[in-house]
Amino acid sequence: MSYTNASHPVDLESSKLSFDEFRDLIIADYRLAVESRQVSLLGRKEVLTGKAKFGIFGDGKELAQIALSKVFADGDWRSGYYRDQTMALALGFTNVYQFFSQLYATPDLDIEPASGGRQMNCHFSTQLLNEKGEWLNQTQQKNSASDISTTGGQMARAVGLGLASKHYRDNESLSYLQYFSKNGNEVVFCNIGNASTSEGVFWESINAIGVKQIPVVVSIWDDGYGISVPNEVQTTKSNISQVLQGFQTDEHGVGLEIFRVRGWDYAGLCEVYKKAADLAREQHKPCIIHVYELTQPQGHSTSGSHERYKNSERLTWEDEFDCNKQMREWMLSSGIASEETLSALENEAKQHVRAEQRRAWSDYQQVLQKDFEQAVSLLGAINDERIEMPLKTLQSLSEYSLHEIYANVRRALRELRGENVAGKSALLNWYNAQQTINQDRYNDFLFSNTTQSPLLVDTVQPEYAADSGVVDGREILNACFRENFAKDSRLVAFGEDVGQIGDVNQGFAGLQEQFGVERIFDTGIRESTIIGKGMGLAMRGLRPIAEIQYLDYLIYALPVLSDDLASLSYRTKGRQKAPLIIRTRGHRLEGVWHSGSPMSVLLGALRGIHVCVPRNMTQAAGMYNMLLKSDEPALVVECLNGYRLKEKMPENVSEFTVPLGVAEIVREGSDITVVSYGSTLRIVQEAAMELEKLGISLEIVDAQYLMPFDRNKICAKSLKKTNKLLVVDEDFPGGASAYLSSQILEAQGGYYSLDSQPKTLTAKAHRPPYGSDGDYFTKPSLDDVVETVYAMMNESNPQKYPSIY
């Protein structure tokens, strides 16, 4: 049956199995393929009958994923996507029962261990942390990074997951981290659909994998379409492996090994995967396997039918070259199994899948039944006609759902508002107690919340001696990094220009020479994979600092940051973490393309990542020290115009910390509270001196962190004294300033302390033009702050503060 077409010859090792053992192995593989196909078929029916909301399945890819699973060893990693169900079943990432439990969104980790019902079906993950948030031994299990739906998004993190193997093999100082690697022998298997290879992150990642020679095996599942769009529209030459030939290792240089094999060719698939895995594991040689002539029997998902866009000729071909059908015919023709044996196997597989689906549905309903029974009992105990409708609505349910249960309980409580009806208090007490349970089901673990949480890091003040030197701010950062790298071999730093020249602002100057190119190194201009690289390294026990050269370049990596890193803890319900620190610089940049402060974009996209906005390099160093003592992801935005400003060098430069989410009053005053951060804070401080001449006393609060913001409610306490609020920020109108105002006035209750309208002062809505004059007329200036504050005081007391204009 073999019809392998590999770019390099592939030799099968002589078999050490007896014929009976070989036959049993083949039959077991076919059984798994049949079970997986039945899961897909029945899963689609469950969606169409309304038991589940949406379904996406891996039918048509069964044999290739079985072949892959044969070479997947303990310690290896999967970075895949939502077609990998057969591989997941083969490797134990899920089973039939758990698969259907995920399809029904069962909110119970014991039943649905991938996400506790938070992810749609075919999104898999393995547990990396124990209940205390400590790492499990990754070398003693098969590992899967939590899936995301972003097409191609799995590529970026695969770069870092694979790079970790190189670090563990090449850096002897990491040998003590035995939970994460055995001499770097781990392979990362990254799977992607053919249509997703059109995404830029695919090409970024392939390039990075080739440059660093990372042990990654990339499988491209090619079924000819991306939903309804055929390959001729997706890919030049309609053939992704041909397009990738420039990456092939040849006489022109070292690159990747590229293989091409048909998806229905069981023997060829096993042959190719054995060869690729050996190359990656032994030589750290990256490989690409283009698995073509695959099918997708039910179309893309339950939201549509492939008959709408596939012609009859294609549908006939797909029926004939269905991989399961081809394997069945091969087994019959080669005498491996009889028709009777296969028919019995297929019937058993169908019955097994059906039984497990029913068990999953029954257990899902039992999870909800307790809430249902308690709600009905409490509602039934209230003798009031207004309860009749919500009670009868619940009692009429043939199948339970939490939203129906709690919607009717809340409806009942609204009906009884303001009245002391017998039984109402019991219902209300139960409802309030259940909110904690539902918080656990659906809303917890935005952050890891482990014993290493940054919220638990001790606050250590900077210490100064009488003769402490006054230096450029960049030198404080440099000293901070130098000392931290010296005492922790897990630290690595990388980004554009970070290595040889020590970054464009010299924070890492001289450190590559001291610590080596393996720990501090340059990357190409590929922001998505810089973040993905950091995420993967962090998931494998290292402590990466990934640098994005300027803040506005961070937007290029936004899908990886938002869809993957920021949601990792939440979507695994605290079972995976990636303590990545992202370093960048911004504020007061000049020009349309380097405006430097898209803070509202980040605040909206990065929930799940701490956002740190230090006003100077001493504060930045304290934040890095705090983050390196903890285990949650964070973004640190340094002030671009602060590297050469003078600051005193702390004696404990790698030990002092700036506590997470704590704002600081940097100037006490009595008339008005002004909240700002970063470089703009210095403008406010300068304006305060001008306003003092006008008889106005500013109290200035440095936010220091935007997420989390002012946990100690310093701003609200200040407002109780001044009764006036101005938020100054160089983001667009309605951006970070609106966010800060909402936090102060709503979350902190600052509204009740106001005696006049709160104000925000921001940049203009357009991007700033180039040059200092453009900056002056676009972003908040000293004069803008002075006049805005004065106008607020004029409104409050026009006699004392007559109008300027």
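Is Phe180 buried or exposed, and what is its relative accessible area? Phe180 is buried, with a relative accessible area of 6%; here buried means under 20% relative accessible area, exposed means over 50%, and partly exposed lies in between, for a 1.4 Å probe and protein chains only. The model is predicted, and local features need pLDDT of at least 70, side-chain atom pairs count only at pLDDT 80 or more, and totals for chains, interfaces and linings use all residues. Residues are numbered from 1 along each chain as its sequence is written, and side-chain values use heavy atoms, with hydrogens and water left out.

A pair of aromatic rings is described by the distance of the centres and the angle of the planes. Rings of Phe, Tyr and Trp (its six-membered ring) pair if their centres lie within 6.5 Å; planes under 30 degrees apart count as stacked, over 60 as edge-to-face and the rest as tilted. By this rule, the whole structure holds 29 aromatic pairs. In one of them, the ring centres of Trp135 and Phe180 are 5.5 Å apart and the planes stand at 80°, so the pair is edge-to-face. These two residues are 45 apart in the chain and link distant parts of it: Trp135 is in the loop between helix H4 (96–103) and strand E2 (143–144), and Phe180 is in the loop between helix H5 (154–170) and strand E3 (188–193). Helices (H or I, at least four residues) and strands (E, at least two) are DSSP runs, numbered from the N terminus. Trp135 also counts as buried, because its relative accessibility is 18%.

Another aromatic pair, Phe481 with Phe508, is stacked, with 4.4 Å from centre to centre and 5° between the planes. This pair, too, links distant parts of the chain, 27 residues apart: Phe481 belongs to helix H16 (residues 473–487), while Phe508 lies in the loop between strand E10 (491–495) and helix H17 (511–515). Both Phe481 and Phe508 are buried. The buried residues of H16 include Ile476, Leu477, Phe481 and Phe485.

Phe57, Phe99, Phe100, Tyr104, Trp361 and Tyr364 form one aromatic cluster. A charge sits over a ring if NZ of Lys or CZ of Arg is within 6 Å of the ring centre and within 35 degrees of the ring normal. The charged end of Arg260 lies over the ring of Tyr292 in this way, 3.7 Å from its centre, and that of Arg359 sits over the ring of Tyr97, 3.8 Å from its centre.

The nonpolar interior comes next. In soluble globular proteins, nonpolar side chains tend to be buried together. A nonpolar core is a set of buried Ala, Val, Leu, Ile, Met, Phe, Trp, Tyr and Cys residues joined through side-chain atoms within 4.5 Å. The largest such core has 92 residues, and Phe100, Tyr273 and Leu427 are among those with the most contacts inside it. Helix H12 (residues 339–380) supplies the largest share of this core, 14 residues. Leu427 touches Leu378, Leu379, Ile382, Val409, Ala412 and Leu413, not counting residues up to four places away in sequence; contact means heavy atoms within 4.5 Å. Another core, of 86 residues, lies apart from it and includes Val216, Leu568, Met707 and Val727.

Some features of the backbone also deserve attention. Most residues other than glycine have a negative phi, and most peptide bonds are trans. The peptide bond from Met707 to Pro708 is cis, with omega near -5°, and Pro708 is in the loop between strand E20 (705–707) and helix H24 (714–722). Cys122, which is not a glycine, has a positive phi near 65°. Cys122 lies in the loop between H4 and E2 and counts as buried, at 0% relative accessibility. Lys573 likewise has a positive phi, of about 50°, although it is not a glycine. The place of Lys573 is the loop between helix H20 (568–571) and strand E13 (581–586), and at 10% relative accessibility Lys573 counts as buried.
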